[in-house]
Every structure is written in C-alpha cells, then in structure tokens.
Amino acid sequence: MNKKIVWKMVASFAAVLLLFTAILGTVFVSMFRQHTIAINRSSMEKRAVSIAETLALYENGEGVAPQFRMGMGMGNHAMAGYGAYLRFLDQVAMATVWIIDDDRNLISASHYGVTSKEELPVNAEKIISRVLEGEITYGEEFSGLLNAPTLTVGVPIRTADGISGAVLLHSPVSGVNEAVLQGLSALGAGAVIALVLAGMAAVWLSYRFTNPLRRMNDAARCLADGDYTAKTGVSQSDEIGQLAQTIDLLSKRLTEARKQQAALDKMKQDFVANVSHELRTPVAVLRGSLEVLWDGTINTPEEIKEYYDQMLGESRHLERLVNDLLDLSRLQDDQFSLDMGEVNLCDVIRDTQRAIRRSVKEKELQFLVNCPGEECVVNGDYGRLRQLVLILLDNAVKFTIQQGTVELTLIKQKEGCQITVANSGEEIPAETIPFLFDRFYKTNSPQNRSGTGLGLAIAKQIADRHNAHISVESSKGKTSFFVRF
C-alpha cells in the first residue's frame with residue numbers, strides 16, 4: 001500500500017508539474033519573444049528615425065556650409081560627405097541599412113546586389129510603398145533576401161519638398177531566439193529541481209498518509225481476528241484522525257459487547273444449572289416417595305398420608321417453578337403483549353391485601369395498609385400489577401420475624417404514584433442488593449429454602465413493562481421495596 005500511494009503521488013505531482021511547466025513555457029516563449037521584439041523594434045525605430053532625419057538634412061542642404069550649396073542641389077563637398085555617411089551607415093546604425101529613393105531604387109552601399117525594385121520580394125514592395133506614403137512600417141519580409149530571420153523597420157525621409165525616400169533598417173532576430181532558448185533552459189532546470197522537490201514532498205506526504213492508514217489496517221485486522229482490545233494509536237485532528245477515532249470506538253464497543261456476551265453466556269449456564277437443580281430435588285423426592293409406596297415398604301395409614309403430603313407439596317413447588325419460568329419467559333419477550341388499560345392502584349392494593357391476609361395471620365404479623373382517598377390511575381395490566389405487589393408482599397411476609405410488621409403503602413405524587421412494601425426483620429447485606437433482581441438469585445437464609453429465585457426477577461420485568469422503576473433499601477432492621485410509576 002505504501003509503495004502504491006508513493007508512486008501515485010509522485011506521478012500525480014510530476015504530471016501536474018510538467019503540465020504547469022508546459023503551459024508556463026508556452027506563455028513564456030510567446031510573451032518573452034513579443035516583448036523582446038517590441039524592445040528591439042522600438043530601438044530600431046529610434047535609430048531609423050535618426051538616420052532619416054540626418055539624410056533629410058543633407059538633402060535640404062542644412063548640414064552643409066553655405067559656400068558648398070548650389071542652386072540645383074548639393075555641391076561636390078556636400079556630396080562627398082553624403083557618400084561617406086552612407087558608407088559608414090551600417091556601422092553607425094549597428095545594423096544593415098538600405099536607403100531607397102522615391103523611385104524604389106536602392107542607393108545605399110550595402111544592398112546585397114539588389115539594384116532595382118524588380119529584384120525586391122513582393123511583400124517587401126508593399127512595405128516600401130507604405131513607407132513612401134509616410135507610414136513607419138515593420139515587417140519580416142526581407143528575411144529570405146538577407147538569408148536570415150530579420151526584423152525590418154521602415155521610416156520615410158521627409159524633406160521640404162515631401163517624402164524623398166525611405167530608410168529600411170534590418171536587424172537579425174537570432175538574438176531573440178537565443179534569449180528565448182536561454183529562458184527555456186532556465187525554466188527546464190527549474191522544472192527538474194521542482195520535480196525532485198515534488199518527489200520528496202510526495203514521499204513525505206505519502207508517509208504521513210500511509211503510516212496512520214497502516215496502523216488502522218493493523219487494528220482492523222486484529223478486530224477481524226477477534227482481538228477487540230486493539231487500538232490504532234493515531235491522534236490527528238483531520239479526517240484520518242476521525243476515522244481512527246471511529247475504529248477505536250468500534251474496538252471499545254466490541255470489547256463491551258464481548259463482556260456482555262460473556263456475562264449472558266454465564267447467565268444462561270447458571271440459568272440451566274439452577275433450573276436443573278430446582279427440578280432435580282422435587283423430582284427426586286417424588287420418585288423416592290413413589291418407590292416406597294409402590295414396593296409396600298410403608299403400609300400404615302399415617303405414614304402413607306405423610307408421604308402423600310410430601311408428594312403434594314413437591315408437586316405444588318414444581319407447578320410454581322414452571323409457572324414462574326413461563327411468566328418470566330413471556331415478560332422478557334417483546335412480542336408478548338399485556339392487557340393494558342386504565343388501572344386504579346387503590347383497587348390493586350385492596351385486592352392484594354385480601355389475598356395475603358391468610359399468610360399474615362399464620363405468622364401473627366401486624367399488617368398496615370395505607371391508601372389515599374383519591375384514585376391513583378395508571379396505564380397497565382391489572383393482573384400483572386396485582387402479581388407484582390403479591391410477589392413483594394410474599395417476600396415481605398416470608399422474611400419478617402414472627403409477630404413482626406409489614407407495611408403496604410400507596411401514595412400519589414406530582415410526578416406519579418409510588419407503592420412501598422416494607423417489613424421488619426434482618427437487613428439485606430449491601431453487597432447482595434444489586435443481585436436481588438437476578439434470576440435464581442437466592443439468599444442462604446432459612447426463610448428462603450422454598451423459594452425459586454424467580455419472584456423478584458418477575459417483579460422487575462413487570463415493572464419494566466409498565467415503565468416503572470423498582471428499587472430496594474435496607475437499613476436499621478427494615479427493608480423497603482419501592483415501585484415508582
């Protein structure tokens with residue numbers, strides 16, 4: 001992965017840089033050539049104008065002493081000075097200079113064998129015509145005649161009588177091309193250096209990208225292999241850092257899920273073990289009693305009745321256990337619907353008070369019931385709410401000492417209703433309170449030998465299905481269960 005990204009980034013940087021260099025080179029060549037030619041053209045125009053003005057002075061006689069001026073033209077000395085000026089004109093102008101009269105004949109010394117207008121190129125004739133019409137003209141039409149790329153500037157010679165000729169100043173453009181090539185060479189060298197730097201930048205950036213990606217890939221592989229403790233170790237504030245944080249969060253959630261799954265598996269194992277234990281004892285008692293009765297070992301009516309009573313008690317315990325398991329299974333199933341409707345909790349309190357009265361009387365307990373005069377209406381299943389209160393009352397009666405006190409209280413509050421079931425007796429150890437609502441959790445007290453360990457678990461499921469909160473407090477010889485609607 002690292003090598004692939006490195007080469008992709010290097011190739012991308014190089015492609016972009018080469019494209020930029022090509023575009024920049026094209027623009028540079030065009031602009032530099034135009035700028036250089038413009039500078040040369042301006043310089044040549046100044047020199048050509050100066051030459052034309054000088055020649056105009058000779059023809060007007062202003063540059064000649066009065067004793068040499070003649071009526072029809074210049075004298076011999078003036079003509080000698082004019083010829084000398086023409087002979088050294090190329091050196092003075094630092095270029096090739098042609099002087100053309102108004103008949104388009106070349107009269108300069110360096111005319112490259114051209115003696116008449118018929119020998120000039122067609123396009124050159126057009127330039128000369130425009131110059132003789134009074135325009136300052138530019139062109140490259142003389143390049144073929146001079147056997148080299150040439151820039152030409154044409155300037156008219158203006159005398160007192162009008163335009164008497166033209167000055168054509170020729171300068172080779174090879175210097176411009178050499179300057180362009182030098183600029184391109186510098187640009188190419190800069191491009192090579194930029195490519196090297198871009199390659200180094202690509203390697204560095206790819207390392208910055210691939211190093212956290214490699215860590216995240218390793219962490220993802222560990223997660224796929226079941227190692228949910230793996231972390232990326234990447235701490236960045238960009239998008240890669242956000243992805244790393246997401247992977248770390250996934251690792252944390254998977255770790256928590258594994259712990260929950262382990263706890264659930266253990267709960268299932270404990271559930272099967274507890275159910276097996278709860279079923280094995282009464283089944284063993286029933287089988288033993290039946291075997292004794294079957295083989296006739298017991299034959300007195302009193303002993304036979306005792307065994308029948310024992311078998312009846314164990315069968316009732318089995319029935320209660322099975323019913324509790326069915327109730328718990330149904331309540332934990334989200335598809336199992338309750339018979340919901342408006343329920344007056346005062347009716348539930350009075351109903352459970354009558355149902356538990358016999359057990360209270362057998363232990364000679366003081367049973368205090370407090371119910372408000374106004375109705376306490378909630379949305380719920382009457383039968384399940386009655387079962388919830390009976391479970392709490394049954395526990396309270398079971399763990400209350402002989403001639404103790406059991407209290408059943410219903411109060412109406414602003415935020416809802418609360419049922420409280422309290423009893424006097426031994427306190428519940430603080431370390432066992434968190435497990436009271438677990439399935440098959442039973443204390444080792446003698447009062448709980450006949451319990452199945454499912455009652456409080458069923459009570460909690462009923463409370464949850466009614467969006468109620470159930471809790472317990474135990475201190476100073478008093479235990480209280482609270483159900484808040």
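**Exercise 1. Is Thr 479 buried or exposed? Then find what surrounds this residue.**

Step 1. Thr 479 has a relative accessible area of 4%. Buried means under 20%, exposed over 50%, partly exposed in between (1.4 Å probe, protein chains only). Thr 479 is therefore buried.

Step 2. Thr 479 lies in strand E13, residues 478-484. Strands (E, at least two residues) and helices (H or I, at least four) are DSSP runs, numbered from the N terminus.

Step 3. List neighbours, leaving out residues up to four places away in sequence. Thr 479 touches residues including Val 421, Ala 422, Ile 428 and Val 472. Contact means heavy atoms within 4.5 Å.

A note on the model: it is predicted, local features need pLDDT of at least 70, side-chain atom pairs count only at pLDDT 80 or more, and totals for chains, interfaces and linings use all residues. Residues are numbered from 1 along each chain as its sequence is written, and side-chain values use heavy atoms, without hydrogens and water.

**Exercise 2. Which residues of helix H8 are buried, and what covers them?**

Step 1. Take H8, residues 345-355. Its buried residues are Leu 345, Cys 346, Val 348, Ile 349, Asp 351 and Thr 352.

Step 2. Recall the helix geometry. An α-helix has 3.6 residues a turn, so residues three or four places apart point the same way.

Step 3. Look for the cover. It includes strands E7 (341-344) and E8 (366-370), and helix H10 (382-399).

**Exercise 3. How many helices and strands does the protein chain have?**

Step 1. Count the elements: 11 helices and 13 strands.

Step 2. Of the 485 residues, 38% count as buried.
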